[in-house]
Amino acid sequence: MTHTDTVLVVGELVVDYTLAKNDATCKLRLGGVAHAARGLWAAELEYSIAAFCPRYLIDEAKKYLMELECKEFIWLGEVIGAPNVILIGDVAEVSHQGYEDLMRNTKIVKAHDTIPRLDAYQRVVIFPGKFDISALICAFAADARFSFDIAYDLEDISSLDAFRGRVQALIISTSSSLFMKLGKDDIDDLLDTVSKLLPEIFLLKENRGGSRLYNFCDESVIEIPATLGHTVNSVGVGDVYSGVMVGLSHKGWVEAAWRGCQAATVYSQSTFPDDIKRDIQRGFKLSLEVLDALGGTVLPWHDRQNYSIYLAGPDFTYTEKQELDRAVDSLTYHNFRVRRPILENGELKLPASEGDLRCTYHMDCQLLKECDAVFAVPLGRDPGTLVEIGMAIEMGKPVITYDPRRENENTMVVVGSSVYSAALDACLNGTFNAIAQLRAESR
């Protein structure tokens, strides 16, 4: 029997464990390819799962996936030496998520001696893991077509050479190690490498900056905007994007990518499957024309370095500034160009002479004028930071004020800032929106 309308999802099944924080409780849920399964189910698309997982997960995985209308569960092989549990530190991905694969150094993924037949499926999306991808190819039909979402466990695209000429979509995120190796500085080098597999399309998911769809058949490039809101949990969002896009590829890659993006956005805003399905189905009622008219945030990774962000805050060596440091880590993680006056112009010695004060003042003012936007962290109601906020507002520059201790809820600061919030997630969204607007105005 051939499942012509059914997408086969191949990869690892893991257990995601989100660590508790002050503003969120811990959460345990089935992860890995289960994320794509939730997305496909919510999009009302037929799918099956072929997975590597520890033996202890099989019965629970089958039961759970069947409730999500999975057509077939195929156990490809066992994970030994590790429980396949991932600890997650930052579910909102304001910076590096801090994934920890427990006992990863002793983990072995072992395929069955006889790989189950997978030749009933013509559309396959593979999420590479610590298993030998090329060893699976003999199990598929000769006319099967493959899509790959490359995240963390594939360091060289040449390992996919066995699939050359049979690839529909190659998908990479800016958070993947392969992107950092091949495309961090130059998208052309990455495209050259990807094109060797002869895929129909290449999708670059750029986090809060949207995504770019490269069609190798007609050489078109489509920018798909992100819709930014409160991120409840970003884990598995990219998997949902990829799964739904491949599932809808019969509608054409452009519509499929827009719908995958819609599904991923909804998935980031809830961890309750029924709510996710309801909201995805609502969103799918909108036409592509309406979606395009609604717009969103488009800020490609490689354009972010074209704009300078002035860091206003008590960035001194002698202050407690954990929140400021986290904000810098967040902006740097997302490839923004952060200008730190303390580092560039030096830190004044205490007590400072009048000459040193004047010199530093003029250098900081000049740096502020050169920058396109300001990210302010006015810890301790730092007077210098508040002055810089005021100067930037007067200059007409967008000001994003991150006030984690809620010390500056003043009319001038709150209303004068483009975004004012005690949440770094909201301020990061504000930064993306502000720089994306500057980019749009310059085009």
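Buried means under 20% relative accessible area, and Gly 247, with a relative accessible area of 1%, is therefore buried. The views below all show a predicted model.

View 1. Gly 247 belongs to helix H5, which covers residues 237-247. Leaving aside residues up to four places away in sequence, Gly 247 touches Val 7, Leu 40, Leu 45 and Arg 123. Ser 159 stands 88 residues from Gly 247 along the chain, and the C-alpha atoms of these two residues are separated by 24 Å. Gly 247 is one of the buried residues of H5, a list that also includes Val 237, Asp 239, Tyr 241, Ser 242 and Met 245. In total, 10 of the 11 residues of H5 are buried, so this helix is largely enclosed by the rest of the structure.

**View 2. The packing of helix H1 against helix H5.** The axes of H1 and H5 are 8 Å apart, and the two helices pack at an angle of about 50 degrees. At that angle H1 is oblique to H5, and the crossing of the pair is right-handed. On the H1 side the contact is made by His 35, Ala 36, Gly 39 and Leu 40, which meet Asp 239, Val 240, Gly 243, Val 244 and Gly 247 of H5. Sorted by class, the residues of this contact comprise 4 nonpolar, 4 polar and 1 charged.

**View 3. The largest nonpolar core, and another core apart from it.** In soluble globular proteins, nonpolar side chains tend to be buried together. The largest nonpolar core of this model has 55 residues, and those with the most contacts inside it are Val 9, Leu 13, Tyr 47, Ile 49, Phe 73 and Met 245. Helix H6, residues 253-267, supplies the largest share of this core, with 9 residues. Apart from this core lies another, of 41 residues, which includes Leu 8, Phe 148, Ile 150 and Leu 204.

**View 4. The neighbours of Val 9.** Val 9 is among the residues with the most contacts inside the largest nonpolar core. When residues up to four places away in sequence are not counted, Val 9 touches Val 33, Ala 36, Leu 40, Ser 48, Ile 49, Ala 50, Val 125 and Phe 127.

**View 5. The crossing of helices H11 and H12.** Helix H11 spans residues 354-370 and helix H12 spans residues 383-395; their axes come within 11 Å and cross at roughly 40 degrees. This angle makes H11 oblique to H12, and their crossing is right-handed. From H11, the residues Cys 365, Leu 368 and Lys 369 meet Glu 388, Met 391, Ala 392 and Met 395 of H12. The residues of this contact divide into 5 nonpolar, no polar and 2 charged.

**View 6. Ile 393 in helix H12.** Ile 393 lies in helix H12 and is partly exposed, with a relative accessible area of 31%. Beyond residues up to four places away in sequence, Ile 393 touches Val 399, Met 412, Gly 416 and Ser 417. The C-alpha atoms of Ile 393 and Ser 177 are separated by 38 Å, and these residues are 216 residues apart along the chain.

View 7. Most residues other than glycine have a negative phi, and most peptide bonds are trans. Glu 44, although not a glycine, has a positive phi of about 60 degrees, and this residue sits in the loop between helix H1 (33-42) and strand E3 (47-52). With 53% relative accessibility, Glu 44 counts as exposed. Asn 335 likewise is not a glycine and has a positive phi, of about 70 degrees; the loop that holds Asn 335 runs between helix H9 (322-333) and strand E15 (337-339). Asn 335 counts as buried, at 10% relative accessibility. The peptide bond from Leu 350 to Pro 351 is cis, with omega near -5 degrees, and Pro 351 is found in the loop between helix H10 (341-345) and H11.

Terms used
Residues are numbered from 1 along each chain as its sequence is written. This is a predicted model: local features need pLDDT of at least 70, side-chain atom pairs count only at pLDDT 80 or more; totals for chains, interfaces and linings use all residues. Side-chain values use heavy atoms; hydrogens and water are left out. A nonpolar core is a set of buried Ala, Val, Leu, Ile, Met, Phe, Trp, Tyr and Cys residues joined through side-chain atoms within 4.5 Å. Buried means under 20% relative accessible area, exposed over 50%, partly exposed in between (1.4 Å probe, protein chains only). Helices (H or I, at least four residues) and strands (E, at least two) are DSSP runs, numbered from the N terminus. Contact means heavy atoms within 4.5 Å. Axes are lines fitted to C-alpha atoms, for helices over the stretch in contact, and angles run from 0 to 180 degrees between N-to-C directions. Angles under 35 degrees count as roughly parallel, over 145 as roughly antiparallel, 65 to 115 as roughly perpendicular and the rest as oblique. A crossing is left-handed if the near helix is turned anticlockwise from the far one by less than a right angle, and right-handed if clockwise. Ala, Val, Leu, Ile, Met, Phe, Trp, Tyr, Cys and Pro count as nonpolar, Asp, Glu, Lys and Arg as charged, and the others, Gly among them, as polar.
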